[in-house]
Amino acid sequence: MNRLLLDATVRSLRYLETLPHRPVAPSADAVAGLRAFDEPLPERGHDPADTLKLLDEAGSPATIAMAGPRFFGFVIGGTLPVTLAANWLAGAWDQNSALFRSTPSTAYIEQVALRWLLDALHLPAECGGTFVTGATVANLCALAAARHVVLKRAGWNVEADGLFGAPAITVLIGAEAHPSVTKSLGVLGLGRNRVVKIPVDGQGRLITDRIPAISGPTIICTQAGNVNTGAFDDIGAICRRVRGTGAWVHVDGAFGLWAAAAPTRAALAAGMELADSWATDAHKWLNVPYDCGLAFVRDPHALKAAMAITAEYLPTVSEQRNPSDFTPELSRRARGVEVWAALHALGRAGLAELIERNCAQARRFAEKLSGAGYEILNDVVLNQVLVTFGDAEKTKRVIQGIQDEGTCWAGITVWQGRTAMRISVSCWATTDEDVDRSAEAMIRVARSVS
Ligand SMILES: Cc1ncc(COP(=O)(O)O)c(C=O)c1O
């Protein structure tokens with residue numbers, strides 16, 4: 001066992017050391033090499049050392065350097081070394097972190113991580129919370145709590161009686177909400193399309209004055225950080241507008257919520273603490289390994305009412321918080337350990353520095369690209385930059401060229417009808433030099449595409 005695990009460590013370190021130097025996208029040959037895995041189910045097992053060797057030799061080269069400093073796709077960070085180390089150790093512990101009595105260590109660490117998160121993000125200390133797979137499921141959990149509360153206020157127990165015959169819920173949502181929110185609404189029986197879409201401005205911000213008068217059970221889905229522009233709805237104003245109506249305000253802040261931890265960005269999130277629930281990802285800007293999303297709900301009982309189960313064989317009675325009381329899953333890995341490790345190693349100051357640095361780097365990208373004559377489509381308020389290189393066809397060809405060239409990687413989007421490249425800066429390892437190298441490569445490729 002020792003030899004195998006040491007071999008895995010050596011291979012992992014070798015992989016990580018190549019990240020800053022290798023092309024970000026894998027070569028076509030490396031992708032073709034994945035065929036090495038394509039064999040019939042072995043009748044007899046292999047030596048585990050050979051299993052690891054194949055994984056590394058055929059698998060590693062075909063990965064995209066997502067953990068590296070010049071991957072700017074999908075608003076996902078890398079992995080802080082301390083969180084990878086914590087992930088390895090927690091993997092060795094192999095704790096099924098559902099209940100405090102069976103896994104006290106990881107349940108307790110999760111509880112501390114939750115308290116620190118609320119502190120770092122300036123959310124109400126009384127919130128309950130949960131560690132799930134990603135912001136999609138975090139949105140789902142928070143909206144399940146919302147559904148519970150708005151129907152309870154109308155005299156209906158949705159967990160017991162379902163939605164058949166229930167009072168109707170009005171769902172208000174910005175026209176540029178992330179599709180994971182509408183998907184969550186669909187899963188919860190509230191309908192992906194059965195929503196009232198509130199118009200947005202040119203940055204994707206919900207126009208507060210267009211929120212209709214509230215009547216009956218209502219959920220309002222707001223956004224802290226549009227996936228394209230990084231723009232924030234005016235969540236404080238929205239909460240004040242609907243105060244006293246019983247409407248539930250939810251915030252999807254998959255990456256934007258972290259702005260609250262950075263002094264120069266915090267104004268974007270002003271008033272966000274007035275909402276009822278929030279969803280975010282730790283595997284984005286906190287730079288922990290996948291999969292790690294977070295939901296916070298002001299009233300912990302609402303989340304628990306939507307999620308908790310009991311069974312005779314489960315040691316659910318505890319003075320301490322049982323993680324699974326707040327999650328859709330029962331068996332689950334100890335995600336809180338990596339979050340705790342990130343916050344312990346970074347501290348409040350290190351977290352703020354990470355967010356601020358990435359935001360400054362996004363502005364640096366925008367300045368270099370606009371200086372070279374390319375149009376920036378968004379106000380660069382956070383870590384997102386939308387750039388076009390001409391018409392849709394040319395922009396597509398430039399993006400493909402940049403991805404093939406290999407210095408860096410950024411993806412395509414269409415923002416309010418215009419095709420653009422989306423640069424998301426959210427990795428702990430990105431240096432200003434990486435930004436300069438990447439911007440130069442982008443400009444070089446763009447100039448070469450006629
Ligand atoms: C605003 C927003 N909400 C939700 C999500 C979904 O997050 P996940 O992929 O972790 O489920 C994303 C992903 O980028 C996002 O940007």
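The legends below walk through several close-up views of this predicted model.

Residues are numbered from 1 along each chain as its sequence is written. Because the model is predicted, local features need pLDDT of at least 70 and side-chain atom pairs count only at pLDDT 80 or more, while totals for chains, interfaces and linings use all residues.

View 1. Let us start with the overall layout. The domain assignment gives domain 1 (2–68) and domain 2 (85–342), with bounds that come from an automatic or database domain assignment. Taken over C-alpha atoms, the centres of domain 1 and domain 2 are separated by 35 Å. The largest nonpolar core has 132 residues, and Cys-141, Ala-142, Ala-145 and Val-339 touch the most other members. (A nonpolar core is a set of buried Ala, Val, Leu, Ile, Met, Phe, Trp, Tyr and Cys residues joined through C-beta atoms within 7 Å; buried means that 20 or more other C-beta atoms lie within 10 Å of a residue's own, exposed means 12 or fewer, and partly exposed is in between, with C-beta atoms placed from the backbone.) Helix H11 (residues 335–371) gives the most to this core, namely 15 residues. Domain 1 (2–68) and domain 2 (85–342) each supply at least three residues to this core.

**View 2. Val-339 and its contacts.** Here the view moves to one member of the core. Neighbours within four places in sequence aside, Val-339 is in contact with Ala-113, Leu-117, Phe-131, Ala-282, Leu-286, Val-288 and Cys-292. (Contact means that the C-beta atoms of two residues, placed from the backbone, lie within 7 Å.)

**View 3. The shell around the ligand.** The ligand is surrounded by 13 residues, and the closest are Gly-134, Ala-135, Thr-136, His-178 and Ala-254. (A residue is near a molecule or strand if its C-beta atom, placed from the backbone, lies within 6 Å of it.) This shell divides into five nonpolar, six polar and two charged residues. (Ala, Val, Leu, Ile, Met, Phe, Trp, Tyr, Cys and Pro count as nonpolar, Asp, Glu, Lys and Arg as charged, and the others, Gly among them, as polar.)

View 4. (Helices, H or I with at least four residues, and strands, E with at least two, are DSSP runs numbered from the N terminus; two strands pair if DSSP finds at least two bridges between them.) Strand E5 (residues 248–252) and E6 pair in the parallel sense over three bridges, and Asp-252 has Ala-279 in E6 as its bridge partner. Five of the five residues of E6 are buried, so this strand is largely enclosed by the rest of the structure. Ser-277, Ala-279 and Asp-281 point one way from E6, Trp-278 and Thr-280 point the other way, and all are buried. Strand E6 (residues 277–281) and E7 run antiparallel and are joined by five bridges. Along this pairing, Ser-277 stands opposite Val-297, and Thr-280 has Leu-294 as its bridge partner.

Strand E7 (residues 293–297) is mostly covered, with five of its five residues buried. Gly-293, Ala-295 and Val-297 lie on one side of E7, with Leu-294 and Phe-296 on the other. Strand E1 (residues 128–132) also pairs with E7, in the antiparallel sense over five bridges, and Val-132 stands opposite Gly-293.

**View 5. A four-stranded open sheet.** The strand order in this open sheet is E8-E9-E11-E10, with antiparallel pairing. Strand E8 (375–376) and strand E10 (411–415) stand at the edges with a single partner strand each, so one side of each is left without a neighbour in the sheet. E8 and strand E9 (residues 384–388) pair over two bridges, and Thr-388 in E9 is the bridge partner of Glu-375.

**View 6. Pro-61 and Phe-74 in one loop.** Pro-61 lies in the loop between helix H3 (48–59) and helix H4 (81–93), and Phe-74 is also found in the loop between H3 and H4. Pro-61 counts as partly exposed because it has 17 C-beta neighbours inside 10 Å. Leaving out residues up to four places away in sequence, Pro-61 touches Pro-26, Ala-30 and Gly-33. Phe-74 has a positive phi of about 60° although it is not a glycine, and with 15 C-beta neighbours inside 10 Å it counts as partly exposed.

View 7. Most residues other than glycine have a negative phi, and most peptide bonds are trans. Asp-94, in the loop between H4 and helix H5 (104–120), has a positive phi near 50°. Asp-94 is exposed, with 9 other C-beta atoms within 10 Å. The peptide bond from Tyr-290 to Asp-291 is cis, with omega near -5°, and Asp-291 sits in the loop between E6 and E7.
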